[in-house]
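Here are my notes for you to read with the model open beside them. Take the points one at a time and find each residue as you go.

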Amino acid sequence: EGCRGLPRAAEGCRGRGRNMAASAVGSLCGPALLGAVPGAPRCPHGPALLFVKTSQGKEEGRRFYACSACRDRKDCNFFQWEDEKVSETRLAAREEYNRNHQPSFTHRQNVERYKNFVQLPLSKRRFCQECQQLLLPAEWEKHSNHQFLCDISTAQLKSPSQLLYPLENKKTNAQYLFTDRSCQFLLDLIIDLGFRRVLSVGTPRLHEMIQSNASQEEDFRVRSLLLDIDFRYSQFYTEDEFCHYNMFNHYFFGGEAAHETCRKFLHEDNGERVIMVTDPPFGGLVEALASSFKKLMSMWMETGKEGPNNQEMPMFWIFPYFFESRILEFFPSFSMMDYQVDYDNHALYKHGKTGRRQSPVRIFMNLTPSMIVLPVEEGYRFCAICQRYVSSGNQHCEICNSCTSKDGRRWKHCGLCKKCVKPSWFHCNICNCCALQTHTCEKADAGCFICGKAGHKRSACPSLSHT
């Protein structure tokens, strides 16, 4: 749902997928995220994140700050060494640059413009497709050379995700939106579970479905607050419905007022019956996202709950299944549903495809799996042993005592690996593990990227943890 091309996980960057920090320093190898730190310098996307360059088999390298939200320097070229002395002249120029790269209108101004826009007759309602902006009659001449849509209806205003162009620059903002099927499933599930407030983090289509239902049905009681980095939505929602937010550094562009809006939303009804639903960029740094989500959870925990209710804020994190281990590293209480989430404007992430062509996107949650009912008409069934709904191809393994498939295909058990593996994998006696038959055996020179030792990957390197 959100901008799907923001910085890729540092541990998985290859070729065109190298993250912004890596390209910033040219030949440096393996930049690792250290996180958000107090007093970090800022770019137009808020406080920068701190990284460290690493080289295989060598000690930790020099630390540097890079933009939290863009992995391509063409989109944001911010870079600064941690120990660099920045002159007053350069600081002043940076502040001026940041100011000049803020939106033309404030959120409050956009709310006032919207009020004026809806008062116009249909024949005078125009939307500039090049500037992605609602136009008032006095602004027509300024946009006379641009392409625009006329006769903007109330229905179009209630569905801004369909009016706005999706941001599809894959290096920066590959923005994909839920299909009606997935969006309706999420909303029905939220209602069936008894939630009445949804913190929609990077899920604009879910937010607008909730807003639309609330305006059409008197007895509809679910409310939503959208947190999104796409400021264009401020043209359609009030300050109580939308906050301009960067989920990679937990930054509210609207300052303390926007932060307070979010806090109040989470604290209504003493924090009961609220759930966070987030659909981050799949190329995003998982550790940065997890840090922000934990801060949102901490904001919710300030309600001071006690006893058995004193636990994590309920959450749906929508992400590809192959990030399961990374998500569980930060949220051990989470589990993954088999439900396939699909998107309108993505060629591959579609439900109903078979084999490896089906959508890899799943829902990670911290709710009891048996509470989640998946649609039987789509082939999902309930496993009485696992006590959860699984896909039709996910057969229960008696040895593992679990429904082990992650991708919807029936997996097979390897007695040597002592676990189930993908059906296309075979056990390699050289690597002593299962892999594709066409894989290259690299056991001899395999080792941690940071310290060079075998037995662990760079993400679990003791040296990095110590740092």
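Which strands does helix H6 lie across, and at about what angle does H6 run to S15? Keep in mind throughout that this is a predicted model.

1. Let's settle that opening question. Helix H6, residues 180-192, lies across strand S10 (197-201), strand S14 (274-278), S15 and strand S17 (361-365). Its direction makes about 155 degrees with S15.

2. Now for the sheet those strands belong to. Eight strands form an open sheet, and their order is S13-S12-S11-S10-S14-S15-S17-S16, with mixed pairing. At the edges you'll find strand S13 (251-252) and strand S16 (335-336); each has a single partner strand, so one side of each has no neighbour in the sheet. If you're new to sheets, strands pair through backbone hydrogen bonds, either parallel or antiparallel.

3. Strand S12 (residues 242-246) and S13 run antiparallel and are joined by two bridges. Asn246 has Tyr251 in S13 as its bridge partner.

4. Helix H9 is another one to trace. H9 lies across S10, strand S11 (223-228), S12, S13, S14 and S15, and runs at about 170 degrees to S15.

5. On to the aromatic rings: searching the whole structure turns up 20 aromatic pairs. Tyr251 and Phe253 are both buried.

6. Phe293 and Trp317 make an edge-to-face pair too, with 5.0 Å from centre to centre and 90 degrees between the planes. This pair links distant parts of the chain: Phe293 sits in helix H9 (residues 286-301) and Trp317 in strand S15 (residues 315-320), 24 residues apart. Are these two residues buried or exposed? Phe293 has a relative accessibility of 0%, so Phe293 counts as buried. Trp317 is buried as well, with a relative accessible area of 0%. Both residues belong to one aromatic cluster, whose members include Phe178, Phe282, Phe319 and Tyr343.

7. Two arginines are worth a click. Arg113 lies over the face of Phe105, 4.3 Å from the ring centre. Arg126 has its charged end over the ring of Trp140, 3.8 Å from the centre of that ring.

8. There's also an open sheet of three strands, in the order S8-S7-S9 and with antiparallel pairing. Strand S8 (133-135) and strand S9 (148-150) are at the edges; each has a single partner strand, so one side of each is left without a neighbour in the sheet. From one strand to the next, the twist averages 25 degrees. Strand S7 (residues 126-128) pairs with S9 over three bridges, in the antiparallel sense, and Cys128 stands opposite Phe148 in S9. Helix H3 (residues 107-118) packs on this sheet and touches S7 and S8, with its direction at about 45 degrees to that of S8.

9. Last stop: where is His143? His143 is in the loop between S8 and S9. His143 has a relative accessible area of 6%, so His143 is buried. Leaving aside neighbours within four places in sequence, what is His143 in contact with? The residues are Cys128, Cys131, Gln133, Leu135 and Phe148. The C-alpha atoms of His143 and Gln129 are 10.0 Å apart, and these two residues are 14 residues apart along the chain.

Technical notes: Residues numbered from 1 in each chain as written. Predicted model: local features only at pLDDT ≥ 70, side-chain atom pairs only at ≥ 80, totals over all residues. Heavy atoms only, no water. Phe/Tyr/Trp six-rings, centres within 6.5 Å; stacked < 30°, edge-to-face > 60°. Buried < 20%, exposed > 50% of the residue type's maximum accessible area, 1.4 Å probe, protein only. Helix = DSSP H or I, 4+ residues; strand = E, 2+ residues; numbered from the N terminus. Lys NZ or Arg CZ within 6 Å of the ring centre and 35° of its normal. Pairing = 2+ DSSP bridges. Axes fitted to C-alpha atoms, helices over the stretch in contact; angles between N-to-C directions. Contact = heavy atoms within 4.5 Å.
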